[in-house]
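Student: Could you walk me through how to read some helices and their packing? I'd like the general idea each time, and then the case at hand.

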Amino acid sequence: MELLYVICVGVLTFSGIFLCLRARTFPVVVGLTMLGYAVNMFLFSSGRLNLEGAAILGMAQNYADPLPQALVLTAIVIGFAMIAFVVILSMRARADLGSDLVDGSEPPDTRKLVKSKRGDA
Amino acid sequence: MIEHMIIWPILLPMIGGLLMLLPPFKGVERYASRRIFAVILMLAQITIAATLLITVSSESPIFYAVGNWQPPFGIILYADTLSTMLVLLTTFLGLGVVLYSLAGEDRAGRYYHPLIQFQILGINGAFLTNDLFNIFVFFEVLLIASYSLLIHAGGKQKTEAALHYVIINLIGSSIFLFALGTMYGALGTLNIADMALKISTLSESNLLLAQIGGALLLVVFGLKSAMLPLHFWLPKTYAAAPAPVAALFAIMTKVGIYCIFRVYTVIYGVEAGELIDMIQPIIWPLAIVTIIVGAVGALVSPTLRGMAGNLVIVSVGTLLIAFALRTPQATAAAFMYLIHSTVATAALFLIADMIGLQRGKAIDRFVISRKLKSQRFLGGCFFVIAMVVAGLPPFSGFLGKLLILQAPSLNADKFIIFSTILLSSLVTIVAFSRAGTTIFFRHAPVRDPAKDLSDSPDLSIWQILGVVLLLVASPLLTLFGSHVIDITQLAAQQLHDVNMLIDIMRIRGAQ
């Protein structure tokens, strides 16, 4: 179970970081969402993974740590709000900047810049 | 009554901000009632913060168990001299910002005043809490308010800057959560006092986890405080933000600095066993490079507000140098400089905005343009703020820098600190004189002087009031220097006394 869990968190984090490095806003937003999922799962595991643990005292022999669950709930709510904000913001940026690139415009073509140098007409 | 007072700096802006969304204050046409209410709120917050500071500095630090869940289990608010001092600074800055924005900036968007209140709520909360996860929550509160304030009134530049700012801060929040998970996994608690107690008794594998968590936290706080190499977002964001918002943002980098001081002095402090001062060797070179990059940036920036943004980076570097010394004396000096630099940079952003308003299309770019309408007043303000920021006597920058220069005891440290800080001050003066000559002395030839000035807007009384309020704080800090130094020394002493914190929380032996 631990191995599966670790792979899940790792793959999610990897995809999240990879997508965050893309140039357009949509992949970046998806990347942020994935990073959010990864972080939630990671937080959840910080109380150690164990099966059949009860969260209420006096109901079982094993207890699960309730605090990470509370932390994850808070993190999910905050993350959700933030993602909603960034979605709206990137739509606004698409309208304001006229493109969906994070930098607002295509990177300058370096070959053209070299050609149009002064005295090189 | 006094025991519940700690939570008021958080409750008051929250309730006030929410009330401003409701009928008596809602709507475009009722901006006047919103303005009055906002000023009253800020005055009330200043009163409360001042009372708290007086109580805490004359008696002892107090903690407040929210919901009466006692430490180490509940969420704890902790007011010591440091946090109350910074809350007072925030509310004072907030008053200046609100006054300045009454000139018309607040009418550009409907939710300006509530958002300012939420921003202050987040900043106050981050200063007052003693729980690492709660710091995260308050960070998010202040961030989401700052996202909205940044694009307040809209515009292409603002949208682009906001997009970068939001994305980089969302990634920062993810790293923060990873760090918190790691720390919780290692220590089993997120109460700062409890973490400080437990970190000395960790097993070897958990020690490694705690070290990783600490390093990740440094990335987050470094991002917030614009420490090199995480500073790239700052000049652009601050230059794009509306002026009063940029002035309020002056305290936001200081929130990051505060967290670095709090976490790495208390948790990774004297009690930390093997992890004592684990980040100090990293901070030391980074601080110096931060100052150099900020100073070079200030020299080459094409606009006054871009220059102000780079000067924020210089001040962050100066604070980090004082942090790297790790003595209570240096910490006290850092707090003095922190108060000064927050007020000074905020005033600088406001003055840059006023100058930009009167220069037509040139705004605050360093190009030859028409003469300013209020040449004398703005010139005077600019001269004063240049002396304040560069650290010339008789203003508070001098006092702050002097204290930092006095702090190191080793000769090798002294050499590096003297050369970096003094050179950065020199570069600051050069940058200011370059900016000042272009703005105030080099004008395009004018055919009809009377006509040329007529379409420049007049300065509003509120703008003047806001700027003067912030500017006057600087000589006052020098005038009452001994009191301020006493308070900062008390704050530093309480911060470094980890055992006192643990005793106040009554958690020793509780496990």
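Student: How do the axes of helix H5 and helix H6 of chain B cross?

Tutor: This is a predicted model, so let's read it as one. The axes of H5 (residues 132–150) and H6 (residues 156–187) of chain B come within 10 Å and cross at roughly 175°. Angles over 145 degrees count as roughly antiparallel, so H5(B) is roughly antiparallel to H6(B).

Student: Which residues of H5(B) and H6(B) make the contact?

Tutor: On the H5(B) side they include B:Phe133, B:Phe136, B:Leu143 and B:Tyr147. From H6(B), B:Ala162, B:Tyr165, B:Phe176 and B:Leu180 are among them. By class, the residues of this contact divide into 14 nonpolar, two polar and two charged.

Student: How should I read the span of a helix, say H14 of chain B?

Tutor: Compare the end-to-end distance with what 1.5 Å a residue gives. H14(B), residues 375–390, has 16 residues and should span 22 Å; its end C-alpha atoms are 22 Å apart, which agrees. Just after H14(B), B:Gly391 takes a positive phi of about 90°.

Student: What does H14(B) pack against?

Tutor: Its buried residues pack against helices H12, H13, H15, H16 and H18 of chain B. Among those buried residues are B:Leu378, B:Cys381, B:Phe382 and B:Ile385.

Student: Why would residues three or four places apart point the same way?

Tutor: An α-helix has 3.6 residues a turn, so such residues point the same way. With that in mind, look at H2 of chain B: its buried residues include B:Ala38, B:Leu41, B:Gln45, B:Ile48 and B:Leu52. The buried residues of H2(B) pack against H1, H3 and H4, and also against strands S1 and S2 of chain B. H2(B), residues 31–58, has 28 residues and reaches 41 Å from its first C-alpha to its last, close to the 40 Å expected.

Student: What pLDDT does chain B average?

Tutor: Where pLDDT is low, the predicted coordinates should not be read in detail. Chain B averages 89, and 97% of the residues score at least 70. For the model, ipTM is 0.88 and pTM is 0.92.

Methods: Residues numbered from 1 in each chain as written. Chains lettered and ligands numbered in written order. Predicted model: local features only at pLDDT ≥ 70, side-chain atom pairs only at ≥ 80, totals over all residues. pLDDT = per-residue confidence, 0-100. Helix = DSSP H or I, 4+ residues; strand = E, 2+ residues; numbered from the N terminus. Expected span 1.5 Å × (residues − 1). Buried ≥ 20, exposed ≤ 12 C-beta atoms within 10 Å, placed from the backbone. Contact = placed C-beta atoms within 7 Å. Axes fitted to C-alpha atoms, helices over the stretch in contact; angles between N-to-C directions. Parallel < 35°, antiparallel > 145°, perpendicular 65-115°, else oblique. Nonpolar A, V, L, I, M, F, W, Y, C, P; charged D, E, K, R; others polar.
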